[in-house]
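Keep the viewer open as you read.

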Amino acid sequence: MDVCLSYGERGLIADIPDARLAAVLSPPDAPQLPDLGAAVRSSLQRPIGSRPLAHLAAASRHACIVVCDATRPVPTSAVLPHVLAALDAGGIPLSRVTVLIATGTHRPADRTEILRIVGEDLAPHLHVVNHACDDPATHAAVGHTERGTRVLLDTRYRDADLRITVGLIEPHFMAGYSGGRKLVMPGVAALETVLAWHSPAFLEHPRAASGFVDGNPVHEEATAAVHLCPPHFTIDVTLSARNMVTGVFAGGFDEAWRAGVDFADRHCRARVAQPADVVVTTCAGYPLDATFYQAVKGMVGALPVVAPGGDLIIAAECREGIGSDAFRDLLLAWDDLGRFVEAIQAPGWTPVRDQWEVEELAKAVCHCRVTCFAEGIPPAILGRLHVTPADSVEAAVAAALERHGPSARVLAIPRGPYVIAEAGAPAATG
């Protein structure tokens, strides 16, 4: 059977033997909104848990709009004009608006990406800046959480009269769901703060996983950090399998996001009776699968339906290669990721940038055999990243089925981490 996998911009067809294919995990999509502009305008005028955006603007002199970076398929350029129109109606012109790209610990957006994010027509008229997590001159402390995390945020966000976020609600392999508070934490947080938040104390918790909100310490700590300096207004969208907008949720920091999560959760989950010996997944295609760093999300997201000792096969284009230098260096420095996880939890370990993604990769490679098809990374290098390189998805599936014998079956997850894959009886998610 031909299974269409989300891969790069073009997709990838994988031919999986019909007799060995147990299921294709594709949750039912929500319908695309017929008029995105009308939906955005309506959400700004009749928000959830907040006064209309134009009313908030009338009491402010300048605004900071935090937007996602180039790794997320957010239609920011389609949403932004309506946000700016509401600000202008309230008395904040373009000249008093800063658009801050929430890079978190990622690289800055380049000029081409900025044009795509904010739109070519608007870009020349807007003050657009990248967050830089390692620049102490652009951060200031806003307090400590109850768990002791010192929270430093970008001053351009902190000091704005009106703080706005524009994001995407999708399953997230650590925080349960993205969007909302994640635009601020880690979006515009200092590296020191992210290192504390992305520590084993949070990430090794069993509910620090896709689809879990209540009881998830990663979500709870991010929320606590953002409450020290919250956005005054948030706008989040949900997307279909074709990255078309299915919902717009705007308003109060907690209320609007929760409404969006409730909606997204009904269209993200797919369940099978039991884990499979062989699972084929992706990192949801471009832009998320641009690096091996991001591809880890697809691996971890599939683990609930991979039998221990089974085979996980992921197709991720990785057109930009491995990811950051810090991530690459950690992967190459450790021969055994199980030992790496032990080391970062031992007294005396000094946290380093991107260690959290190596920690997450360890969850996959310690659970099962991971094979990766990634045209953007040479096989000789890919083989040093704790995964097995594959010439094709089909070849990887054939080898895995041979290893597990005639009773083995294959599960396919075409959209990777955008699907919350579950096995067995339903569990409470919160």
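Which residues does Leu-288 touch, not counting residues up to four places away in sequence? Leu-288 touches Thr-71, Arg-72, Cys-283, Gln-294, Lys-297, Pro-417 and Tyr-418, where contact means heavy atoms within 4.5 Å.

## About the model

This is a predicted model, in which local features need pLDDT of at least 70 and side-chain atom pairs count only at pLDDT 80 or more, while totals for chains, interfaces and linings use all residues. Residues are numbered from 1 along each chain as its sequence is written, and side-chain values use heavy atoms, with hydrogens and water left out.

Leu-288 sits in the loop between strand S15 (276-282) and helix H10. Helices (H or I, at least four residues) and strands (E, at least two) are DSSP runs, numbered from the N terminus. Leu-288 counts as buried because its relative accessibility is 2%; buried means under 20% relative accessible area, exposed over 50%, and partly exposed in between (1.4 Å probe, protein chains only). Although Leu-288 and Tyr-7 are 281 residues apart along the chain, their C-alpha atoms are separated by 9.4 Å.

## The sheet around S15

S15 belongs to an open sheet of six strands with parallel pairing, in the order S3-S19-S15-S16-S17-S18. Two strands pair if DSSP finds at least two bridges between them. At the edges are strand S3 (21-24) and strand S18 (388-389), each pairing on one side only. S15 and strand S16 (residues 306-315) are joined in the parallel sense over six bridges, and Val-279 stands opposite Leu-312 in S16.

H10 packs on this sheet, touching S15, S16, strand S17 (369-373) and strand S19 (410-413), and its direction makes about 140° with that of S16. Such axes are lines fitted to C-alpha atoms, for helices over the stretch in contact, with angles from 0 to 180 degrees between N-to-C directions.

## The mixed sheet

Another open sheet of six strands has mixed pairing and the order S6-S5-S4-S9-S12-S13. Strand S6 (127-130) and strand S13 (245-251) each have a single partner strand, so one side of each lacks a neighbour in the sheet. From one strand to the next, the twist averages 20°.

Strand S4 (residues 63-68) pairs with strand S9 (residues 162-168) in the parallel sense over five bridges, with Ile-65 opposite Ile-164 in S9. Helix H1 (residues 36-45) packs on the sheet, touching strand S12 (233-239) and S13, at about 20° to the direction of S13. Helix H9 (residues 255-265) also touches S12 and S13, but its direction makes about 160° with that of S13.

## Cores

A nonpolar core is a set of buried Ala, Val, Leu, Ile, Met, Phe, Trp, Tyr and Cys residues joined through side-chain atoms within 4.5 Å. The largest one has 121 residues, and those with the most contacts inside it are Ile-65, Leu-87, Ile-235, Phe-292 and Met-299. Helix H10 (residues 292-302) gives the largest share, seven residues. Apart from this core lies another of 21 residues, among them Leu-12, Ile-16, Ala-315 and Ala-412.

## The hairpin

S1 and S2 form a hairpin with six residues between them, and Gly-8 in the turn has a positive phi of about 55°. Four bridges join S1 to strand S2 (residues 12-15) in the antiparallel sense; Asp-2 has Asp-15 as its bridge partner in S2. S1 has a covered face, Val-3 and Leu-5, and an uncovered one, Asp-2 and Cys-4.
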